[in-house]
Amino acid sequence: MSTQAPVVAQHTDPVRPMVFYDGGCPLCRREIDHYRRIDRSGSLRWVDAVTESGTLDRHGLSLQQAMAELHVLDQNGHWQRGVDAFLVIWQQL
């Protein structure tokens with residue numbers, strides 16, 4: 001089983017990038033909570049990979065992949081991971 005996320009996925013919210021994060025990690029939650037406070041316009045959809053496994057499944061992302069690094073499904077349906085995922089977040093904020 002590959003640990004790489006698929007290159008393209010079907011996007012259920014074409015207007016907002018989807019941020020998949022580890023809601024079970026206190027440090028991750030703290031950082032994401034900071035970004036969520038900044039995101040007053042709701043330009044990003046925040047998906048807790050721990051509690052929203054159905055959303056992971058719909059986008060072909062395993063929990064193992066989501067836990068390995070930050071994933072963002074951008075407006076074009078492309079996966080951005082790690083630093084590239086943060087770039088999408090920062091551009092939206």
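Colleague: Where is the place of Asp22 in the chain?
Modeller: Asp22 sits in the loop between β1 and α1. This is a predicted model: local features need pLDDT of at least 70, side-chain atom pairs count only at pLDDT 80 or more, and totals for chains, interfaces and linings use all residues. Residues are numbered from 1 along each chain as its sequence is written, while side-chain values use heavy atoms, with hydrogens and water left out.

Colleague: What makes a stretch a helix or a strand, and how many of each does the chain have?
Modeller: DSSP runs decide: H or I over at least four residues is a helix, E over at least two is a strand, each numbered from the N terminus. The chain has four helices and four strands. Along the sequence they follow β-α-β-α-α-β-β-α.

Colleague: Why is Asp22 said to have no salt bridge?
Modeller: A salt bridge needs a side-chain nitrogen of Lys or Arg within 4 Å of a carboxyl oxygen of Asp or Glu. For charge, Lys and Arg count as positive, Asp and Glu as negative; His and the chain ends are not counted. The nearest side chain of opposite charge to Asp22 is Arg29, 6.8 Å away, so there is no salt bridge.

Colleague: What lies 2.9 Å from a polar atom of the side chain of Asp22?
Modeller: The backbone nitrogen of Gly24. A polar contact is a pair of N or O atoms within 3.5 Å; within protein, one must be able to donate a hydrogen and the other to accept it, and residues adjacent in sequence count only if both atoms are side-chain atoms.

Colleague: Which residues does Asp22 touch, not counting residues up to four places away in sequence?
Modeller: Cys28, Arg29, Asp48, Val50 and Met67. Contact means heavy atoms within 4.5 Å. Val50 is in the loop between β2 and α2 (53–58). Its contacts beyond four places include Tyr21, Leu63 and Met67.

Colleague: Why is Val50 called partly exposed?
Modeller: Buried means under 20% relative accessible area, exposed means over 50%, and partly exposed is in between (1.4 Å probe, protein chains only). Val50 has 43%, so it is partly exposed.

Colleague: What makes Asp39 buried?
Modeller: Its relative accessible area is 8%, so Asp39 is buried. Asp39 lies in the loop between α1 (26–38) and β2 (45–48). Across the chain of 93 residues, 43% are buried.

Colleague: How do you know that Asp39 has no salt bridge?
Modeller: Arg16 is the nearest side chain of opposite charge, and it is 6.2 Å away. Asp39 does have polar partners. Its side chain makes a polar contact with the side chain of Trp46 at 3.2 Å. The backbone nitrogen of Ser43 is 2.7 Å from a polar atom of the Asp39 side chain.

Colleague: How far apart are Asp39 and Leu93?
Modeller: They are 54 residues apart in sequence and 6.1 Å apart in space, C-alpha to C-alpha. Leu93 is among the contacts of Asp39 beyond four places, with Leu44 and Trp46. In the chain, 65% of contacts between residues at least 6 apart join residues at least 24 apart.

Colleague: How many salt bridges does the rule count?
Modeller: Two. Glu69 pairs with Arg81, the closest N and O atoms being 3.3 Å apart. That pair links distant parts of the chain, twelve residues apart: Glu69 in the loop between α3 (63–68) and β3 (71–73), Arg81 in strand β4 (residues 79–81). Glu52 pairs with Arg45 at 3.7 Å between the closest N and O atoms.

Colleague: Why does Glu69 count as partly exposed?
Modeller: Its relative accessibility is 32%, so Glu69 falls in the partly exposed class. Arg81 has 28% and is partly exposed as well.

Colleague: What makes a set of grid points a pocket?
Modeller: The grid has 1 Å spacing over the protein atoms alone; a pocket is an open set with protein on both sides within 12 Å along at least five of seven lines, whereas a cavity is a set of points where a 1.4 Å probe fits but cannot get out. Lining residues have an atom within 4 Å of a point.

Colleague: Which element gives the largest share of the lining of the largest pocket?
Modeller: α1, with four residues. The lining includes Asp22, Met67, Glu69, Leu70 and Phe86. Phe86 lies in helix α4 (residues 83–92), and it touches Glu31, Tyr35 and Leu70 beyond four places in sequence.
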